[in-house]
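Thanks for asking me to look this over with you. Below are my notes as numbered points, written for someone opening these coordinates for the first time.

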Amino acid sequence: MARILLVEDNEMNRDMLSRRLEKKGYTITLAVDGEQGVMLAQSLLPELILMDMSLPIMDGWEASRIIKTMAQTQHIPIIALTAHAMAEDRQRALEVGCDDYDTKPIDLLRLLSKIQLFLGSQEPPG
Amino acid sequence: MNHYFYDGRSLQDTLVTSYQPSLVFLSVTVACLASYAALSVAGRIKAAEKDKAYGLSRIWLLAGALTMGAGVWAMHFIAMLALILPVHVSYDVSITALSTVPVVIASAVMMYVVSRPRNNNLGLFIGGTVMGAGIGTMHYLGMAAMVGIDQNLIMSYEPTLFVTSVIVAVALANLALIINHAIERKRDSVPLFWAKVVPTLAMGFAVSGMHYTAMAATYFFSENSTAVTGDVKNALNHESLALWVSFASVSITSLAILMTVVDRRLQKAAQEEAMSRSRMREAIESIADGFSLFDINDKLVECNQRYRELMDTGQGILIGMTFEHIVRSAAEAGLILDAIGNVDEWVAERLAKHRAPREQFIEQFAGGRWIRVTERRVWNLGTVAIRTDITELKDTEIELSRAMDEAEKARANAEDTNRAKSAFLANMSHELRTPMNAIIGYTEMLLEDAEDDGDPRIIPDLQKILSSGKHLLSLINEILDLSKIEAGKMDIYLENIDVPEVIQDVVNTIRPLADKNANTLIVECPEPLPTIHTDLTKLRQELLNLLSNASKFTKNGKIVLAVTRQSVKEINGILFRVTDNGIGMSKEQADRVFDAFTQADSSTTRKYGGTGLGLTITKKFCEMMGGTIAVKSELGKGSTFSIWLPLRTGKPLRGNTHG
C-alpha cells in the first residue's frame with residue numbers, strides 16, 4: 001500500500017481528503033505545516049506528497065524546494081494543491097520543483113488520476 | 001548851442017516845427033519792435049537760466065540791452081529826422097554816441113529784472129524806473145547833441161512838460177513791466193497774441209511817448225552866429241544820421257523778426273511738449289494698472305493715481321521721493337504682507353529685485369489683494385514699474401486649486417474605498433470558499449458512502465446539497481475574479497497553447513450541461529490552427545462561459561462552436577464563435593449583456609441561475625489578452641457570441657503579464 005504524505009493546515013480539508021484517500025486504499029500520513037512536512041518527508045520517505053501551498057511556519061513552496069534539493073527525498077513526486085484561479089501559485093509551485101499541481105476544491109476523481117500517474121498501475125486504488 | 005528851461009522869451013520867436021508823419025510812425029514802430037525784441041530776449045534769458053546755461057543767458061542779456069538801447073536811440077533820431085525845422089541842424093558825434101550809454105545800461109538793468117524767475121513789486125519798480133530814467137537821459141543827451149549849422153540853435157524846455165515827459169517814461173516803463181509780469185504769471189489764461197502785444201506796446205509807448213512829450217516841452221529858437229561852424233567836422237549831418245539810424249533800425253527789426261521766429265518755434269515746441277506731456281499723463285492715468293517711473297537716481301519721476309492708491313500710506317506719494325522711501329513706508333505701514341515682521345530684510349530683497357529686475361513677481365497686499373509687479377530697466381532713463389491687481393485671478397486660482405484638491409481627495413477616497421471593497425471581496429470570497437469546500441467535500445464523501453453501503457434514499461438529497469454547493473462556489477469564484485480584475489490584481493500568464501486540445505478539454509467539460517437541455521453540441525474546426533500565445537486558464541474560462549450560457553438558454557437546440565483564423569487590423573488571430581438557437585435577446589438586452597450584474601431580466605436569474613458576472617468577466621479577460629468580444633442576437637431566435645484573440649498577446653490593458 002502506497003504511503004502518501006498530506007501536508008495541509010486546514011483541519012477539515014485534512015480530515016476530508018485523508019479519509020477519502022484512505023477509502024481508496026492509500027496509507028496517509030498527515031503534516032500540519034511546511035516544517036513538519038519536510039521532517040516527515042525525510043523520516044518516512046513516502047511514495048508521494050500532496051502539498052498545500054499556503055501553510056504556516058514554512059510555506060508549501062519553501063518546503064517543496066527543500067525536499068527537492070535533498071538527495072534522499074528529491075525523487076519523491078510532489079503534487080501542489082493550490083487555490084482556484086491562482087495561476088501564479090501554480091507557476092511558482094512548478095518553479096520550486098513540484099511535479100504537478102491540482103486546484104482546490106479537490107475534484108477527487110481528477111486528483112486520483114494524477115496520483116495514479118505518478119504511482120503507476122502497480123498500486124491501483126482499492 | 002544852449003539849453004535852458006524856458007526863460008520867458010517871447011514865444012513869437014519860437015521856430016515853427018512840424019513832423020513828417022511817416023517818419024513819426026516809423027519811430028514808434030521801431031520803439032515797439034525794440035521792446036518786443038527785448039521782452040522776447042528776456043524770455044530767452046529766463047529759459048537759459050532755467051537750463052543753467054549762464055553763459056548763454058549773459059549773451060542774451062547783452063543782446064537784449066543793446067537792442068533795447070539801440071531801439072530807444074533809433075526811435076529818438078528817427079523822430080528827430082521826422083522833425084522839420086526851418087534851421088539846418090547836425091549832431092555832435094561824441095554826445096550822440098554817449099547818449100546810447102545810459103539807455104543801454106538801463107536796458108540791461110530792466111532785462112535783468114524782467115528775466116528773474118520771481119519778481120516782487122520793488123524789483124519791478126526799480127527796473128521800470130531805471131528804464132524810464134534811461135530813456136529820458138538818452139533823450140535829453142540826444143537833444144544836447146543837436147547843433148544848428150548855419151544858425152545857432154537854442155532849445156529851452158517848458159518845465160511842466162519836461163517833468164511830465166520823464167513821468168511818462170517811468171510810468172509807462174513800469175506799466176510795461178507790471179503787465180509783462182502779470183501776463184507771465186497767468187500765461188495759460190491770456191491769449192498768446194495779447195500776452196506779447198500789450199507789454200510790447202506799453203514799452204514802445206514809454207519810449208515814444210516820452211520822446212514826443214519831451215518834444216512838446218521843447219521850444220526852439222535861432223540865433224545868427226558863425227561861431228559854431230568850426231564843429232562841423234565832428235558833426236553828423238542828416239544823411240549820415242539817417243544812415244546810422246537805418247542801420248540800427250534794420251538791426252532791431254531783424255532781431256525782432258528773428259526773435260519772433262525763434263519764439264514761435266520755441267512756443268510751438270513748448271506747446272507740443274506740453275500737449276504730448278498732457279497726452280502722456282492722460283494715457284498713464286487711463287491705464288488700470290499702477291504705473292511708476294523712477295529716474296536713474298531712483299527718484300520718482302512720474303506715477304498715476306492708481307499707483308498712489310496702491311502705495312500711499314497716508315503721507316502722500318510725491319514726485320522726487322526715492323523708491324526705497326516709498327516701499328519702506330508701505331512695508332512699515334503693513335501694506336505688504338510679506339514684509340510684516342521683517343521690514344529691513346524685505347526692503348533689502350525688494351531693492352535687489354528692483355535694481356536687477358528679471359521677471360515679474362507677485363506681492364500680497366493687506367486686504368487680501370494680490371499685485372503682480374513688472375519692472376523694467378530702461379537704459380539711461382531709469383526703471384518703469386507696472387503694478388497689476390490680480391486679486392480676482394488669484395482668488396479664482398485659489399478656488400480652483402482648492403476645488404482640485406477636493407476633487408483629488410474625493411478621487412483618492414473613492415480609490416481607497418474601491419480598493420477596500422476589492423480587498424474585502426477577496427477576503428470574503430476566501431473565507432466563504434473554505435467552508436464551501438468542506439461542505440462540498442463532506443457531501444461527496446457521504447454520497448460515496450451512501451452509494452457504497454449507505455441508505456440510497458438520501459442520495460438525491462445529498463446530490464442537491466452538492467450541486468447547490470458547487471453553484472454557490474462558482475458564484476463566489478466569479479465575484480473573486482471580478483474584484484481582482486477591478487482592483488487591477490488579475491495577472492495573466494502567457495504560454496503557447498494548442499487550440500484543438502483546449503477545445504477538446506472545454507467540450508468534454510461542457511457536454512454534460514449541453515446534454516441536460518437536450519442540445520446538440522457541434523464543433524467546427526475546419527483548418528489546421530496555429531498555436532496561440534495566450535493565457536490558458538482565461539481562454540478556457542471564456543469558452544466555458546459562452547458554452548454554458550448557450551447550454552442554459554437553449555433547449556432541444558443546436559450549439560455550434562466554430563473556430564477559424566481571422567486577422568483584425570492586420571493582426572493574426574483566432575475567432576471563436578458560439579452560436580445557439582435558444583431564447584435570444586432583444587437589442588436592449590444585448591447592449592447591456594457585458595455590464596456587471598445584468599442579466600436579460602431579473603426573472604432570468606431565478607429561472608436560469610448565475611451571477612450575471614460571467615460575460616463581464618469574459619469581456620474583461622478578452623481585453624486583457626488584447627482581444628475583443630461581440631454579440632449578435634435576436635429575441636426568440638438565438639445568439640452568437642464571438643471572441644477574437646490575437647495569436648500573440650501584447651501589453652495587456654490591465655494587470656501584469658507573465659510568461
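1. α1 (11-23) of chain A and α12 (391-452) of chain B each supply at least two residues of the lining of the largest cavity. Please keep in mind that this is a predicted model. Of the elements involved, α1(A) gives the largest share of that lining, with 4 residues.

2. Which residues line the largest cavity? From chain A they are Glu8(A), Asn13(A), Met16(A), Leu17(A), Arg20(A), Leu81(A), Lys104(A), Pro105(A) and Ile106(A), and from chain B they are Asn437(B) and Gly441(B). As background, rolling a probe the size of a water molecule over the atoms shows where empty space is left.

3. Chain A has 126 residues, and 52% of them are buried. Among its contacts with a separation of 6 or more, 61% join residues 24 or more positions apart.

4. In the model, Asp52(A) lies in strand β3 of chain A. Is Asp52(A) buried or exposed? Asp52(A) counts as buried because its relative accessible area is 3%, and the cut-off for buried is under 20%.

5. Beyond its neighbours within four places in sequence, Asp52(A) is in contact with Val7(A), Glu8(A), Asp9(A), Gly60(A), Leu81(A) and Lys104(A).

6. Ile57(A) is not a glycine, yet its phi is positive, near 65°. Ile57(A) sits in the loop between β3 (48-52) and α3 (60-69) of chain A, and it counts as exposed because its relative accessibility is 65%. In chain B, Glu570(B) also has a positive phi, about 65°, although it is not a glycine. Glu570(B) belongs to the loop between β18 (558-568) and β19 (571-580) of chain B, and its relative accessible area of 80% is why it is exposed.

7. Gln36(A) makes a handy reference point for Ile57(A). Gln36(A) is placed in helix α2 (residues 34-44) of chain A. With 29% relative accessibility, Gln36(A) counts as partly exposed. Gln36(A) and Ile57(A) are 21 residues apart along the chain, and their C-alpha atoms are separated by 9.2 Å.

8. In soluble globular proteins, nonpolar side chains tend to be buried together. The largest nonpolar core here has 57 residues, and Met110(B), Met131(B), Met146(B), Met203(B) and Phe220(B) touch the most other members. Helix α2 (residues 54-82) of chain B gives the most to this core, with 10 residues. Apart from it lies another core, of 44 residues, including Val499(B), Leu529(B), Leu613(B) and Ile643(B).

9. Leaving aside neighbours within four places in sequence, its contacts include Leu83(B), Leu85(B), Met143(B), Met146(B), Leu153(B), Ile154(B), Met155(B) and Met215(B). Asp13(B), Thr14(B), Leu15(B) and Thr17(B) are in contact with Phe220(B) too.

10. Finally, a stretch of chain B. The unreviewed UniProt entry annotates residues 390-420 of chain B as "coiled-coil region". In the model this span is 97% helix and 0% strand, and its end C-alpha atoms lie 44 Å apart. Elsewhere in chain B, Thr383(B) is found in strand β13 (residues 382-389) and counts as buried, at 0% relative accessibility. Among the residues that Thr383(B) touches, not counting those up to four places away in sequence, are Ser292(B), Phe294(B), His354(B) and Arg376(B).

Note on methods:
Residues numbered from 1 in each chain as written. Chains lettered and ligands numbered in written order. Predicted model: local features only at pLDDT ≥ 70, side-chain atom pairs only at ≥ 80, totals over all residues. Heavy atoms only, no water. 1 Å grid on protein atoms, 1.4 Å probe; cavity = no way out; pocket = protein on both sides within 12 Å on 5 of 7 lines; lining within 4 Å. Core = buried A, V, L, I, M, F, W, Y, C linked by side-chain atoms within 4.5 Å. Buried < 20%, exposed > 50% of the residue type's maximum accessible area, 1.4 Å probe, protein only. Contact = heavy atoms within 4.5 Å. UniProt positions renumbered as here; feature names shortened; annotations may be inferred.
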